[in-house]
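Please examine the sequence together with the three-dimensional structure displayed below.

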Amino acid sequence: MSAPVLDVRALVKAFPVGRDLLGRPRDVVHAVNGVSFALERGSTLAVVGESGCGKSTVGRVLLGLTPPTSGEVVLNGRRVDNIREAERRAVRSQMQVVFQDPFSSLNPRMRIGAILAEPLINFGQAHSAAEAREKAEALLRKVSLPVEALDRFPHEFSGGQRQRIGIARALAGRPDIIICDEAVSALDVSIQAQIINLLMDLQDELGLSLLFISHDLAVVEHMAHHVAVMYLGKIVEHASRADLFRAPRHPYTRALLDAAPVPKIIERPERKPLGGDVPSPLRLPSGCAFHGRCPKARDICRQTEPLLAGDADGHRVACHFPLNG
Ligand code: SF4
């Protein structure tokens with residue numbers, strides 16, 4: 001097997017909360033708490049979980065929008081979590097992002113031609129205005145938009161079209177990886193399907209690797225090759241899509257699947273609705289962080305944190321009493 005395009009090792013992102021009189025943080029929230037995963041070249045890894053589980057923070061750290069507290073990020077064999085700002089441009093061209101709301105990430109005062117020319121020139125893919133226009137036209141064709149779009153403004157497009165423009169812009173630097181952060185969550189279901197199919201076609205054509213951050217398990221089941229489930233800053237289950245949807249082992253994953261409108265899930269031997277609230281990340285429970293909501297919790301769960309461990313197939317789970325084991 002070839003080396004992963006992205007290798008994330010023991011990533012931690014902690015945020016100080018409040019300050020005392022001496023300016024010291026009163027508390028610390030570990031939004032990401034020891035996350036490790038590898039993204040294989042040309043594949044899609046979905047990172048799923050409830051709001052606040054840390055999945056979007058993982059994306060922000062990988063993009064260099066906020067520095068990690070500790071851990072390592074290795075991109076194409078090179079460690080990039082500790083590079084200087086001047087070196088970051090090359091990294092940015094290799095790893096791009098598509099956000100949930102394309103409207104807020106497209107400058108409303110710029111025409112689409114200028115929006116696409118900017119990264120083409122910044123990332124060294126075009127060296128003149130004429131070349132930038134020619135390459136911007138090619139980008140629009142890749143996302144199935146007419147070249148006339150170059151002379152229009154973002155507000156003249158529908159939400160789905162704007163997301164296509166966002167994808168075209170992400171492609172401008174010829175990235176290896178696109179991080180899709182809830183990239184289709186704001187779209188109607190029929191438009192969602194079109195954008196997902198576009199991303200999958202582009203993946204096939206360009207060999208892209210996708211890190212797909214989402215709370216939508218129906219979408220994830222459609223397009224992911226592997227899935228990492230996060231709860232309170234940690235990965236609690238990591239498996240191939242087929243294994244995870246057919247036989248989830250963590251009670252949290254089971255509860256997420258039971259709560260999701262996914263018609264393909266037909267085997268549901270232990271349908272227990274997910275009760276309780278997510279604990280405050282400021283006051284993490286002892287032992288397994290999920291024990292207050294878990295129908296299978298026993299004494300050991302309240303005392304000892306389960307570690308992420310797995311089988312030879314790479315199906316890993318952090319649970320003392322995994323399901324389907
Ligand atoms: Fe539930 Fe215990 Fe497993 Fe945590 S370790 S998910 S509380 S069974």
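The model is predicted, so to speak of local features a pLDDT of at least 70 is needed, while side-chain atom pairs count only at pLDDT 80 or more, and totals for chains, interfaces and linings use all residues. Residues are numbered from 1 along each chain as its sequence is written, and side-chain values use heavy atoms, with hydrogens and water left out.

Helices and strands are taken here as DSSP runs numbered from the N terminus, with at least four residues of H or I for a helix and at least two of E for a strand. Two strands are said to pair if DSSP finds at least two bridges between them. In general, strands of a sheet pair through backbone hydrogen bonds, in either a parallel or an antiparallel sense.

Another open sheet has 8 strands in the order β6-β7-β8-β3-β9-β10-β12-β11, and its pairing is mixed. Here β6 and β11 (309-310) are the edge strands, each pairing on one side only. Strand β3 (residues 44-48) and β9 run parallel and are joined by 4 bridges; Ala 46 stands opposite Val 227 in β9.

Rings of Phe, Tyr and Trp (its six-membered ring) pair if their centres lie within 6.5 Å, and planes under 30 degrees apart count as stacked, over 60 as edge-to-face and the rest as tilted. By this rule there are 3 aromatic pairs. In one of them, the ring centres of Tyr 231 and Phe 290 are 5.1 Å apart and the planes stand at 85°, so the pair is edge-to-face. Tyr 231 belongs to strand β9 (residues 226-231) and Phe 290 to the loop between α10 (251-259) and α11 (299-303), so the pair ties together parts that are 59 residues apart in sequence.

On a 1 Å grid over the protein atoms alone, a cavity is a set of points where a 1.4 Å probe fits but cannot get out, whereas a pocket is an open set with protein on both sides within 12 Å along at least five of seven lines; lining residues have an atom within 4 Å of a point. Grid points are joined across faces, edges and corners, and a volume is the space filled by probe spheres set on the points. For the classes, Ala, Val, Leu, Ile, Met, Phe, Trp, Tyr, Cys and Pro count as nonpolar, Asp, Glu, Lys and Arg as charged, and the others, Gly among them, as polar.

The largest pocket holds about 450 Å³ of space. Its lining comprises 18 residues, with Arg 92, Gln 96, Val 97, Phe 123 and Arg 169 nearest the centre. At least two lining residues come from each of α2 (88-94), β6 (95-98), α4 (112-122) and α6 (159-171), and α4 gives the most, with 4 residues. By class, this lining has 10 nonpolar, 4 polar and 4 charged residues.

The second largest pocket has a volume of about 380 Å³. Of its 22 lining residues, Lys 234, Ile 235, Val 236, Glu 305 and Pro 306 lie nearest the centre. Two or more residues of this lining come from each of β2 (25-39) and β10 (234-240), and β2 gives the most, with 4 residues.

There are 3 cavities of 30 Å³ or more, and the second largest cavity contains about 80 Å³ of space. This cavity is lined by 14 residues, of which Pro 251, Cys 288, Cys 294, Cys 301 and Cys 319 are closest to its centre. The ligand sits in the second largest cavity, where sitting requires more than half of its atoms to lie within 2 Å of the grid points. The ligand is surrounded by 13 residues, the closest being Cys 288, Cys 294, Cys 301, Cys 319 and His 320; a residue is near if one of its heavy atoms lies within 4 Å.
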